[in-house]
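Visitor: I am new to protein models and would like a tour. Could you tell me what the words mean as we go?

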Amino acid sequence: MKKTLQNLYPLLSLGLLPISSLMYDWVNHPGSEVHILSTAVDRHVPFSAVFIIPYLLWTLYIYGTLIYFYFKDKKTYFKTLFVYIAGLLICYTVYNVFQTTVPRPFVSGSSFLGSLVNWVYAMDAPYNCFPSIHCFSSYLLSRVIRRAPFSTIWNRSVITCLSVIIIVSTLMVKQHVVLDVLAAILLAEILCFVADRNWSPFIKSKPIPSTTKEISH
């Protein structure tokens with residue numbers, strides 16, 4: 001029992017995410033100049049309230065996947081968590097100096113999905129858009145799983161599909177625009193590139209068991 005608890009202690013590092021997320025509200029307001037990055041592509045993306053469901057499931061997805069990474073390979077878990085927090089801090093810095101907004105449509109609150117959309121709109125001011133944290137974190141998980149030592153067709157397919165659905169949801173509920181998505185993907189790629197070449201964790205990956213017996217002389 002004691003050993004089990006000791007193995008779970010490192011999971012407390014997940015608490016760094018809600019702590020770092022406190023900065024979100026500090027910068028989620030219009031600055032002296034607010035930019036709109038909508039393009040012709042965004043104007044052709046239809047609004048669909050049903051996508052508010054995967055949009056809201058994002059938090060559960062992120063934490064659930066990180067916990068899955070932890071139990072499969074601690075090195076992958078800590079590396080992903082480090083990149084995630086670094087990305088959050090970079091996003092908050094960008095929001096502070098280059099604030100953007102996304103025009104939101106009028107949504108009737110007569111339906112359940114419409115009510116959910118309006119609740120999200122009320123809780124989250126239409127700023128802090130570029131890069132998209134939803135898209136950055138979702139793409140990050142899909143990128144990590146492709147190169148993880150425990151990668152399989154099954155977990156790659158599930159995580160990639162869920163990440164794509166969440167990224168698409170940010171566009172379909174008009175929380176983000178295409179440039180927000182592209183910036184998020186670029187940020188994840190840059191940070192992963194740096195981490196892949198400079199990561200020297202305290203916790204090593206689980207060794208792969210060898211089936212070859214040592215021959216004594």
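**A guided tour**

Visitor: Where is the place of K174?

Guide: You will find K174 in the loop between α9 (153–172) and α10. Helices (H or I, at least four residues) and strands (E, at least two) are DSSP runs, numbered from the N terminus. Please keep in mind that this is a predicted model, in which local features need pLDDT of at least 70 and side-chain atom pairs count only at pLDDT 80 or more, while totals for chains, interfaces and linings use all residues. Residues are numbered from 1 along each chain as its sequence is written, and side-chain values use heavy atoms, with hydrogens and water left out.

Visitor: Is K174 buried or exposed, and how do you know?

Guide: Buried means under 20% relative accessible area, exposed over 50%, and partly exposed in between (1.4 Å probe, protein chains only). K174 has a relative accessible area of 14%, so K174 is buried.

Visitor: What is the phi of K174?

Guide: The phi of K174 is positive, about 60 degrees, although K174 is not a glycine. Most residues other than glycine have a negative phi, and most peptide bonds are trans.

Visitor: What is the phi of N128, and where is its place?

Guide: N128 has a positive phi too, near 55 degrees, and is a residue other than glycine. N128 sits in the loop between α7 and α8. Its relative accessibility is 2%, so N128 counts as buried.

Visitor: What pattern does the chain follow along the sequence?

Guide: Reading along the sequence gives α-α-β-α-α-α-α-β-α-α-α-α, which comes to 10 helices and two strands. Of the 217 residues of the chain, 42% count as buried.

Visitor: What pLDDT does the chain average?

Guide: The average pLDDT, the predictor's confidence in each residue from 0 to 100, is 89 for the chain, and 87% of the residues score at least 70. Contact here means heavy atoms within 4.5 Å. Where pLDDT is low, the predicted coordinates should not be read in detail.

Visitor: Why is the pair of Y70 and F71 called edge-to-face?

Guide: Rings of Phe, Tyr and Trp (its six-membered ring) pair if their centres lie within 6.5 Å; planes under 30 degrees apart count as stacked, over 60 as edge-to-face and the rest as tilted. The ring centres of Y70 and F71 are 5.3 Å apart and the planes are at 85 degrees, so the pair is edge-to-face. The structure holds nine aromatic pairs, and ring pairs link Y70, F71, Y77 and F78 into a cluster.

Visitor: What makes Y70 buried?

Guide: Y70 has 1% relative accessibility, so Y70 counts as buried. F71 has 47%, so F71 counts as partly exposed.

Visitor: What is Y92 in contact with?

Guide: Leaving aside neighbours within four places in sequence, Y92 is in contact with S20, S21, M23, Y24, V27 and I133. Y92 belongs to helix α6, and its relative accessibility is 3%, so Y92 counts as buried. From C-alpha to C-alpha, Y92 and Y24 are 6.7 Å apart in space, while in sequence they are 68 residues apart.

Visitor: How much space lies in the largest pocket?

Guide: About 810 Å³ lies in the largest pocket. On a 1 Å grid over the protein atoms alone, a pocket is an open set of points where a 1.4 Å probe fits, with protein on both sides within 12 Å along at least five of seven lines; lining residues have an atom within 4 Å of a point. Grid points are joined across faces, edges and corners, and a volume is the space filled by probe spheres set on the points. The largest pocket is lined by 31 residues, and the closest to its centre are Y24, W58, T59, D124 and H134. With five residues, α2 gives the most to this lining.
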